[in-house]
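Reader: I would like a close look at the aromatic rings of this model, and then at what surrounds them. Please keep it plain.

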Amino acid sequence: MAAVTARSALERVRAAHHWALLPSGSATAVGDHVRRLAATGARGLVVPQIFAPPWATLGAAAMAGDLDLASGIALGFVRSPLETAMAALDLDRLSGGRFTLGIGSSTRIANEDRFGVEYDRPVSRLRELTVLLHKLVTAEEQHEVGRFEGEFWRVDLTGVRLPRPTRPSLPIYLAPLRETMTEMAAEVADGIFGHPVWSVEWITGPIRDAIDRGLAKAGRSRDQFRVAAWLRVVVTDDREQGIRDAKVGIPFYAGLRQYESYFDAIGVGDDARVLMDLTEAGAPPAELTAAVSDALVEALVPVGTPEEVAERIAPVLDVADELLLAPPNGLPGDRTRAYEAAIAEHLLPGAS
């Protein structure tokens, strides 16, 4: 019976709509990577904003293949709404209608310390930004924008003729962590890119409930909203090594004091606070990795054989319409590539 369950889980995961992470690089490297990812059966490519805006890499990807494209995510508060909208319209035109605008609030540290922009009340700020961006990328609403006087954003587009979208409207996905922003996204956005630190239980419990509440508030049906679950996974026969590798990427998020309430909610708050204290004390990466508990790995990163990982993550598809499966962040390039190859070989649609 277990073998049948494992096989069913594998088939269910492989049959999902899969996004894949696309790294930046030279135009030639991006093109090569697009073609490799297309061969895995991935249906879309996601470019995050880490050390550069995602637009240039997405433009190169648009020229290299015909997969769907998304910013996953662009930081919502660090540029003007008009600039974000124009970039989205430009990419959608360049790709022939294959672009999804993914935006998020990011963290207080990123916004205030690194970009020097305001961050207060991020949920309300992102809601207003999403409403305004929707007007700017929707053909029937562009001409009605005129003077927009919001609480956080004020623009005057009177007499401005914006580029027309190639479709009636571009989809906008938000990137929430907690329930409040998830509920808001289900009210005003077209979908979500789930946070890569989400646990399976968080998605199938509180996140599902928050989506239902948001859709009910807006009077929307579930088929009007897409959910993409971003999961860090380690596919390996060497469980001990897999757990060690999973620990490398966990401090990147679990060391953030801003995420403390989330880790409390999933039952590993004390474990995460160890990392928060060390991070704030300036501990080096090796010390942070050594301080990651097995409980944090168990909560955040499914580790095991293809069958074990598939059984662990398959319940997410009761909530999610789309998956993005990726190895832990922060690993050396060769280990990252090995784990990416294992995901492609066993869990993506091109797997045999």
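How many aromatic pairs does the count come to?

Author: The model is predicted, so local features need pLDDT of at least 70 and side-chain atom pairs count only at pLDDT 80 or more, while totals for chains, interfaces and linings use all residues. Residues are numbered from 1 along each chain as its sequence is written, and side-chain values use heavy atoms, without hydrogens and water.

The count comes to seven aromatic pairs (rings of Phe, Tyr and Trp, the latter by its six-membered ring, with centres within 6.5 Å; planes under 30 degrees apart are stacked, over 60 edge-to-face, the rest tilted). One of them joins tryptophan 19 and phenylalanine 193, whose ring centres are 5.5 Å apart with planes at 80 degrees, so this pair is edge-to-face. It links distant parts of the chain: tryptophan 19 belongs to strand β1 (residues 17-21) and phenylalanine 193 to strand β9 (residues 191-193), 174 residues apart (helices, H or I of at least four residues, and strands, E of at least two, are DSSP runs numbered from the N terminus). Both tryptophan 19 and phenylalanine 193 are buried (under 20% relative accessible area; exposed is over 50%, partly exposed in between, with a 1.4 Å probe and protein chains only). Trp19 and Phe193 form one aromatic cluster together with Tyr173.

Another edge-to-face pair is made by phenylalanine 252 and tyrosine 253, with centres 4.8 Å apart and planes at 85 degrees. Phenylalanine 252 is exposed, at 55% relative accessibility, whereas tyrosine 253 is buried, with a relative accessible area of 16%.

The ring of phenylalanine 77 has the charged end of arginine 125 over it, 5.8 Å from the ring centre (NZ of Lys or CZ of Arg within 6 Å of the centre and within 35 degrees of the ring normal). Arginine 125 is among the buried residues of α6, which also include Leu126, Leu129 and Leu133. Helix α6 (residues 122-136) has 15 residues and spans 21 Å from its first C-alpha to its last, close to the 21 Å expected (1.5 Å times one less than the number of residues). The cover over the buried residues of α6 includes β5 (99-104), β8 (172-174) and α7 (contact is heavy atoms within 4.5 Å).

Two of these covering elements can be followed further. In β5, six of six residues are buried; Phe99, Leu101 and Ile103 point one way, and Thr100, Gly102 and Gly104 the other. Strand β3 (residues 68-71) pairs with β5 in the parallel sense over two bridges (at least two DSSP bridges make a pair), and alanine 70 stands opposite threonine 100. Strand β4 (residues 74-75) also runs parallel to β5, joined by two bridges, and alanine 74 has isoleucine 103 as its bridge partner. In α7 (residues 179-188) lies threonine 182, buried with a relative accessible area of 0%. Beyond its neighbours within four places in sequence, threonine 182 contacts Pro176, Ile192, Trp198, Ile207, Ala210 and Ile211.

A cis peptide bond, with omega about 5 degrees, joins glycine 72 and isoleucine 73; isoleucine 73 is in the loop between β3 and β4. Serine 106, in the loop between β5 and α5 (108-115), has a positive phi near 60 degrees and is partly exposed at 24%. Arginine 121, in the loop between α5 and α6, has a positive phi of about 50 degrees and is partly exposed at 42%.
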